[in-house]
Amino acid sequence: HAVHRARELAVHQHDPLVALLHLGQEFLHHPLLAERDREEIVERAEIKVLAPKQEDRLAALAIERLHHDVPVLVAERFDFGEVAREQGRRHQLGEFIEKIGEPVKLEHPERGEWGDWAFYGEGSVQPDEVVEKVESVGGFTNIWLQKSYLVSQMERVIEESDRFGSSKLGEGKSVLVEYSSPNIAKPFGIGHLRSTIIGQALYNTYKFLGYGVIGDNHLGDWGTQFGKILYMLDGEKISSSDLTIEKLEELYVKFHRLAHKNEEMGMAARKWFWKLENGDPGARKIWRACVDISMAEFNRIYDLLGVVIDNAYGESFYEAAMVEMIIEAKKRQVAKLSQGAWVVEVPGSRTPLMLVKNDGATTYAARDLATLKFRRERWDPDIIIYEVGAEQSLHFAQVFGAARRLGYVREGVKLIHT
């Protein structure tokens with residue numbers, strides 16, 4: 001229950017610590033949790049607990065807002081970088097860490113008498129308006145924070161409410177997150193559910209940090225799988241008005257079962273997709289019905305999750321752009337003919353990236369390259385994140401390499417596959 005609820009909260013909370021706080025609140029009030037267990041959990045929690053005191057108005061109000069027995073994550077939310085921005089300079093601890101030239105892990109000591117923060121190593125950190133005192137013990141540097149500063153942070157928590165923790169880190173920069181991306185004519189799979197939840201969390205987080213964020217639902221509404229469905233619908237004389245997601249999946253599975261014994265079916269399906277690509281009215285009509293049926297189901301799921309994705313450009317949207325991209329790749333001699341197929345050699349990859357198969361059909365890679373070109377021309381983002389399964393690692397590594405060869409990504413842009 002806790003894991004399920006944590007994931008559910010992560011979709012709606014910008015900060016995992018906030019999600020943890022809410023989860024802890026629910027857990028501590030769970031009817032099956034004995035009182036002595038509740039007390040032990042609060043006592044043993046390895047987080048900074050700010051006890052309510054009547055003489056401390058701010059602390060008392062904060063505890064009241066958090067239902068009294070939930071530990072207040074004061075030290076966890078402390079951000080030296082944010083302090084530096086507020087004070088108009090870098091904080092001395094940040095300067096020290098930067099001087100070392102390697103990551104320094106700030107930790108909460110196991111015992112309160114060892115300070116609020118500690119890191120392994122020695123450093124010239126001096127007391128100031130943020131740091132109360134510093135001690136070096138056994139190779140560790142222990143740091144105590146000023147109580148007055150912690151209280152001022154609590155006041156900010158109360159005043160800023162849901163906006164606490166946000167920043168202008170990404171001001172002037174943009175991020176595009178591609179997520180969800182279910183396949184038309186197929187059920188909404190668990191992999192797409194994972195992508196939807198993680199992608200929305202990334203979207204929310206970057207937006208909370210001040211970035212201009214673009215969400216894109218790259219629908220799988222194109223490809224040879226539609227040739228297989230068109231072949232089955234034509235063979236079984238099924239009207240598009242009688243289609244459902246379940247029926248489309250049934251036909252897809254049946255095709256593969258029959259094609260295992262009849263190799264000619266594969267060629268026939270490719271011919272149907274070729275007709276679809278070339279604008280055959282009958283094929284287009286059935287394809288459009290498949291898209292409409294699928295989108296109705298996907299939107300039902302998005303409504304349940306509370307997910308709203310900015311754009312939903314399917315692969316079919318890039319038809320014309322894909323043709324232009326292939327022509328451009330040939331003219332620039334980036335694409336080469338190999339055994340009847342057009343491929344792109346990618347630095348660092350032993351396998352070339354295929355754009356056009358030897359039967360003339362285009363590939364996912366061609367559509368992904370056309371998509372990258374469109375995204376640069378339309379939004380020109382600084383970061384592009386693909387929240388897609390790990391099994392696509394080789395594919396995206398090749399697409400990213402080919403995109404840079406073609407100049408579809410400007411210098412400094414980060415392409416990330418998660």
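**Entry 1: strand 9 and its neighbours**

I started at Ile-383 and found it opposite Lys-414 in strand 10. The model is a predicted one, and I read it as such. From strand 9 the chain passes through helix 15, residues 393-406, to reach strand 10. I noted the hand of this β-α-β crossover as right-handed.

Next I looked up the pairing. Strand 10 covers residues 414-417, and four bridges tie strand 9 to it. The two run parallel. I then turned to strand 4, residues 174-178. Four bridges join strand 4 to strand 9, and this pair is parallel too. For Glu-178 I looked up the bridge partner in strand 9 and got Tyr-386.

**Entry 2: side chains of strand 9**

Which way do the side chains of strand 9 point? I went through residues 383-386. Ile-383 and Ile-385 point one way. Ile-384 and Tyr-386 point the other way. Side chains in a regular strand alternate between the two faces of the sheet. I checked burial as well: all four of these residues, Ile-383, Ile-384, Ile-385 and Tyr-386, are buried.

**Entry 3: Arg-375**

Is Arg-375 buried or exposed? I placed this arginine in helix 14, residues 364-378. Its relative accessibility is 0%, so Arg-375 counts as buried, the cut-off being under 20%.

I listed what Arg-375 touches, leaving out residues up to four places away in sequence. Leu-176, Glu-178, Asp-216 and His-218 are among the contacts. Asp-380, Pro-381, Ile-384 and Tyr-386 are on the list as well.

**Entry 4: two positive phi angles**

Asp-380 sits in the loop between helix 14 and strand 9. I read a positive phi of about 50° there, although Asp-380 is not a glycine. With a relative accessible area of 30%, Asp-380 is partly exposed.

Gln-333 also has a positive phi, about 60°, and is not a glycine either. I found Gln-333 in the loop that links helix 13 (319-331) to strand 6 (335-338). Gln-333 counts as exposed because its relative accessibility is 62%, and the cut-off is over 50%.

**Entry 5: the whole chain**

Last, I took the totals. How many helices and strands does the protein have? I noted 15 helices and ten strands. The protein has 418 residues, and 42% of them count as buried. The accessible surface is about 23,000 Å², with 53% of that belonging to carbon and sulfur atoms. Of the contacts between residues at least 6 apart in sequence, 67% join residues at least 24 apart.

Terms used. Residues are numbered from 1 along each chain as its sequence is written. This is a predicted model: local features need pLDDT of at least 70, side-chain atom pairs count only at pLDDT 80 or more; totals for chains, interfaces and linings use all residues. Side-chain values use heavy atoms; hydrogens and water are left out. Buried means under 20% relative accessible area, exposed over 50%, partly exposed in between (1.4 Å probe, protein chains only). Two strands pair if DSSP finds at least two bridges between them. A crossover is right-handed if, with the strands pointing away from the viewer, the path from the first strand over the helix to the second runs clockwise. Contact means heavy atoms within 4.5 Å. Accessible areas come from the Shrake-Rupley method with a 1.4 Å probe; for residues, only the protein chains shown count as cover.
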